[in-house]
Amino acid sequence: MSVLTTGMVPRMHDLTGTAGANHDQRVGDASALIAADPSRALAAFETLVAASVMTTNVTADKVLAFDDASEILDARRIAIAAEGGDTGRGLSRFAKGSWAPRREAFEDLWTDGRSAVYGAVNIGGPGAGFGDFCLVIESPDVGATGVAVFPGDSAQRYTDPASDVDEGAVLDEATAWDDRAALAVVERADDVQSRPSSEWPTVLCSPDRYLETVRLGALPLSAIASVRLASDERSELRSLRSLVVRGQTVSPTDRRRAAAYAALYRWRRSLGVAIETV
């Protein structure tokens with residue numbers, strides 16, 4: 001394995017091409033596990049994950065930034081939006097994030113890597129955390145300049161606290177979107193075989209364990225098929241929206257949450273985005 005040290009200029013790779021080059025290995029490993037499973041649970045799990053979506057969880061403030069831009073933004077552009085569109089202050093804000101150096105080390109392996117939007121492979125449920133609004137993107141490969149799936153959070157898995165990145169491991173583990181079911185079988189075989197199928201959605205995707213999807217390139221709001229909200233969160237958002245409409249006093253944070261909920265309904269009217277309770 002090769003390791004890139006902070007400060008060095010990496011050779012940029014094509015994300016989709018790198019992931020596609022691992023097709024035979026990924027599918028071969030999954031096929032061997034499925035063939036050795038008399039319960040057929042792994043085969044059923046593979047079928048479910050083959051129809052999975054990418055979800056990305058975001059906060060109310062991010063929903064509002066996306067609504068303003070008519071686009072799902074990467075982390076740097078979110079920071080710029082939070083600074084009122086001031087690029088310098090926005091990039092400074094991004095750089096102050098505790099994970100920014102490690103995330104940047106990973107992104108700089110890829111052509112167009114700094115446009116990355118991160119998500120998770122999902123077969124149902126509220127997503128991997130990081131925000132109450134779970135955006136569902138059914139086909140992240142459409143219109144992308146690159147897309148791949150990894151066994152876990154890329155910044156944690158492939159970089160160290162000094163922001164050195166294990167390039168060899170990254171290149172070996174990158175998986176094509178179309179091969180995500182094979183990767184899921186390899187990564188979750190033991191849990192799938194030992195737990196009921198009703199638990200498979202959380203076996204695959206939960207706040208502390210998920211297959212990370214990395215998607216590069218512009219991502220319009222029209223790519224969102226639906227937004228999932230926990231039932232208690234949706235009830236609270238409805239109440240907040242009602243208070244705001246009636247002119248009642250609410251905190252600035254709750255006012256933004258209510259505004260984000262209203263944005264979802266604009267997306268539903270203009271883009272056909274479904275609002276789902278999970």
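How many bridges join strand S10 to strand S11, and in which sense do the two strands run? The exercises below begin with this question.

This is a predicted model, in which local features need pLDDT of at least 70 and side-chain atom pairs count only at pLDDT 80 or more, while totals for chains, interfaces and linings use all residues. Residues are numbered from 1 along each chain as its sequence is written, and side-chain values use heavy atoms, with hydrogens and water left out.

**Exercise 1. Describe the strand pairings of S10 and state how far S10 is covered.**

Step 1. Helices (H or I, at least four residues) and strands (E, at least two) are DSSP runs, numbered from the N terminus. Two strands pair if DSSP finds at least two bridges between them.

Step 2. S10 (residues 224-229) and S11 (residues 274-277) are joined by 4 bridges and run parallel. Within this pairing, Arg228 has Glu276 as its bridge partner.

Step 3. S5 (residues 133-137) is joined to S10 by 4 bridges, and these two strands run antiparallel. Here Arg228 is the bridge partner of Cys134.

Step 4. Buried means under 20% relative accessible area, exposed over 50%, and partly exposed in between (1.4 Å probe, protein chains only). By this rule 5 of the 6 residues of S10 are buried.

**Exercise 2. Determine which way the side chains of S5 point, and find the pairing of S5 with S2.**

Step 1. In a regular strand the side chains alternate between the two faces of the sheet.

Step 2. In S5, Phe133, Leu135 and Ile137 point one way, whereas Cys134 and Val136 point the other way. All of these residues are buried.

Step 3. S5 pairs with S2 in the antiparallel sense over 5 bridges. Asn57 has Cys134 in S5 as its bridge partner.

**Exercise 3. Identify the pairings of S4.**

Step 1. S4 pairs with S2 in the antiparallel sense over 3 bridges, and Met54 stands opposite Val121 in S4.

Step 2. S4 is also joined to S8 (residues 212-216) by 4 bridges, and the two run antiparallel. Val117 stands opposite Arg215 in S8.

Step 3. S4 is mostly covered, with 6 of its 6 residues buried.

**Exercise 4. State which residues of helix H4 are buried and what covers them.**

Step 1. The buried residues of H4 (residues 60-69) are Ala60, Val63, Leu64, Ala65, Phe66 and Asp67.

Step 2. Contact means heavy atoms within 4.5 Å. The cover of these buried residues includes strand S2 (53-58), strand S3 (71-72), helix H5 (75-82), S5 and helix H13 (252-271).

Step 3. After H4 comes Ser70, whose phi is positive, near 55 degrees.

**Exercise 5. Explain why Thr159 counts as buried, and list its contacts.**

Step 1. Thr159 lies in the loop between H8 and strand S7 (165-166).

Step 2. Thr159 counts as buried because its relative accessibility is 7%.

Step 3. A polar contact is a pair of N or O atoms within 3.5 Å; within protein, one must be able to donate a hydrogen and the other to accept it, and residues adjacent in sequence count only if both atoms are side-chain atoms. The side chain of Thr159 reaches the backbone oxygen of Ala155 at 2.4 Å.

Step 4. Leaving aside neighbours within four places in sequence, Thr159 is in contact with Arg102, Ala105, Ser154, Asp164 and Val165.
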